[in-house]
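Hi everyone, and thanks for coming. Let me put the model on the screen, and then we can walk through it together.

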Amino acid sequence: MSTNSYPPVFRHLSPTEPQPSASASATPSPPLSNGAAAIEIPRLDLQKLERERLAVACREWGVFRLINHGIPSALSAQLLNDARSLFSRPFDSKEGMFKEPITYFFGTPALSQTVQNLNWVEGFDVPLKELQKQQSGDRGAEKDPILQRYRYSLEEYGKHMGRVARELFETMAEILALDPDRRQTYLSESEGVLRVYRYPRCSESDKVLGMDVHTDSSVVSILNQDGVGGLQVFKDGRCVDAAPAADELVVNLGDMMQAMSNDEYKSAEHRVAVNPKEERISLCYFVFPEEKGVVVSSKYQPFTYKEFSEKVQEDIKTTGFKVGLERFRKPE
Ligand SMILES: O=C(O)CCC(=O)C(=O)O
Ligand SMILES: [Fe+2]
């Protein structure tokens with residue numbers, strides 16, 4: 001199979017045998033055999049959200065699966081399938097494939113914790129607010145019908161993500177009894193970001209990662225994945241496969257939620273393994289506080305998300321690593 005759709009840095013480790021078609025279905029592959037422990041990530045139902053189970057998942061895991069979230073299966077399937085087809089276009093065409101504000105990247109997306117290792121991933125970055133601001137005429141500016149459709153579907157999907165994030169956040173905020181005024185600025189769902197990823201095949205799946213271990217900087221992140229698998233989360237130092245299941249989302253708490261909850265809730269460490277046989281597609285939504293909203297916590301100095309992310313970028317540039325929340329921790 002040709003790898004001309006792959007960024008050149010990935011081609012030398014890309015097996016060229018035909019790709020099994022299973023990746024397009026929701027049938028999960030067997031779990032990755034890398035010692036990941038067989039304990040189960042909690043599963044919650046958005047239609048009857050049980051507060052105590054949500055609190056336990058947030059405290060003990062910082063990650064949970066979500067069912068009955070109301071996202072039409074057909075919309076998810078279309079976004080994942082169209083992504084597969086867009087990413088399989090020649091590499092040279094991808095940079096300029098979409099018009100603003102959607103941008104293409106490969107290697108190291110902004111939220112990664114370290115820039116020392118090349119992440120085996122490529123993606124499109126979709127800032128939802130800018131996408132919505134465009135006049136519908138502009139949005140249809142792509143001549144290519146698949147791209148046009150894709151933009152509209154991303155916008156539609158973004159609204160669903162905002163709805164799910166808002167509902168989860170409000171429930172968490174009530175459980176934590178967060179200050180009602182402050183809470184107003186803690187979630188800006190319309191300014192969320194979608195990232196559409198493809199993890200290329202890689203023959204050295206024991207050495208290379210699709211995404212290095214990290215915590216997300218968000219309030220929450222909501223992941224939708226195809227049937228291939230690869231996401232792994234860390235629980236008390238053990239690595240657990242977040243194996244895909246049809247119509248299930250995976251929700252991660254990010255650093256902002258950890259700070260807002262005074263460390264009661266966890267920003268879960270996670271990473272993505274690569275697969276030698278199959279490419280993997282995932283779709284991730286990240287939501288942050290309002291730009292001017294000050295996060296107030298008993299454990300950390302007050303900060304805005306802007307200050308936090310600037311510090312993260314500065315640390316990555318100077319040390320190669322994301323230090324994250326520890327930069328803001330109050331002395332004991
Ligand atoms: O693709 C995935 O499964 C996870 C991506 C991720 O962790 C991230 O973008 O922060
Ligand atoms: Fe992440």
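Let me begin with a question: which side chain does the side chain of Thr215 join in a polar contact? The partner is Asp255, and the contact is 2.9 Å. By polar contact I mean a pair of N or O atoms within 3.5 Å; within protein, one must be able to donate a hydrogen and the other to accept it, and residues adjacent in sequence count only if both atoms are side-chain atoms. Thr215 sits in the loop between β6 and β7, and Thr215 counts as buried because its relative accessible area is 13%. Buried here is under 20% relative accessible area, exposed is over 50%, and partly exposed is in between, with a 1.4 Å probe and protein chains only.

Before going on, a word on what you are looking at. This is a predicted model, in which local features need pLDDT of at least 70, side-chain atom pairs count only at pLDDT 80 or more, and totals for chains, interfaces and linings use all residues. Residues are numbered from 1 along each chain as its sequence is written, chains are lettered from A and ligands numbered from 1 in the order in which they are written, and side-chain values use heavy atoms, with hydrogens and water left out.

Now the overall picture. The protein has 10 helices and 14 strands; these are DSSP runs numbered from the N terminus, H or I of at least four residues for helices and E of at least two for strands. Of its 332 residues, 55% are buried. If we take contacts between residues at least 6 apart in sequence, 77% join residues at least 24 apart, where contact means heavy atoms within 4.5 Å. The accessible surface is about 14,300 Å², and carbon and sulfur atoms hold 51% of that; the areas come from the Shrake-Rupley method with a 1.4 Å probe, and for residues only the protein chains shown count as cover.

On to the metal. Which protein atoms are the donors of the iron ion, ligand 2? They are His214 through NE2, Asp216 through OD and His270 through NE2, at 2.1 to 2.2 Å. Donors are N, O and S atoms within 2.8 Å of the metal (3.2 Å for Na, K and Ca), and water is not among the atoms, so sites may look incomplete. Along the chain, the donor spacing reads H-x1-D-x53-H. Asp216 is in the loop between β6 and β7 while His270 is in strand β11, so this pair ties together parts 54 residues apart in sequence. Asp216 is buried, at 2% relative accessible area, and His270 is buried too, at 4%.

The shell includes Tyr197, His214, Asp216, His270, Arg280 and Phe286, a residue being near a molecule or strand if one of its heavy atoms lies within 4 Å of it. Oxygen atoms of the ligand come 2.4 Å from a side-chain N or O atom of Tyr197, 2.9 Å from one of His214 and 3.1 Å from one of Asp216. On its own, ligand 1 has 300 Å² of accessible area, and the protein covers 98% of it. Two or more shell residues come from each of β5, β6, β11 and β12, and the largest share, 3 residues, is from β12.

Let me move to His69, in the loop between β2 and α3. Is His69 buried or exposed? His69 counts as buried, at 6% relative accessibility. Its side chain reaches the backbone nitrogen of Ile71 at 3.1 Å. Leaving aside residues up to four places away in sequence, His69 touches several residues, including Leu46, Arg163 and Asp247. In helix α3 itself we find Ser76, which is buried at 9% and touches Ile71, Tyr157 and Asn224, again leaving aside residues up to four places away in sequence.

Last, some backbone details. Most residues other than glycine have a negative phi, and most peptide bonds are trans. Here, Glu100 and Pro101 are joined by a cis peptide bond, with omega about 0 degrees. Asp236 has a positive phi, near 50 degrees, and is exposed at 60% relative accessibility. Asn262 also has a positive phi, about 55 degrees, and is partly exposed at 32%.
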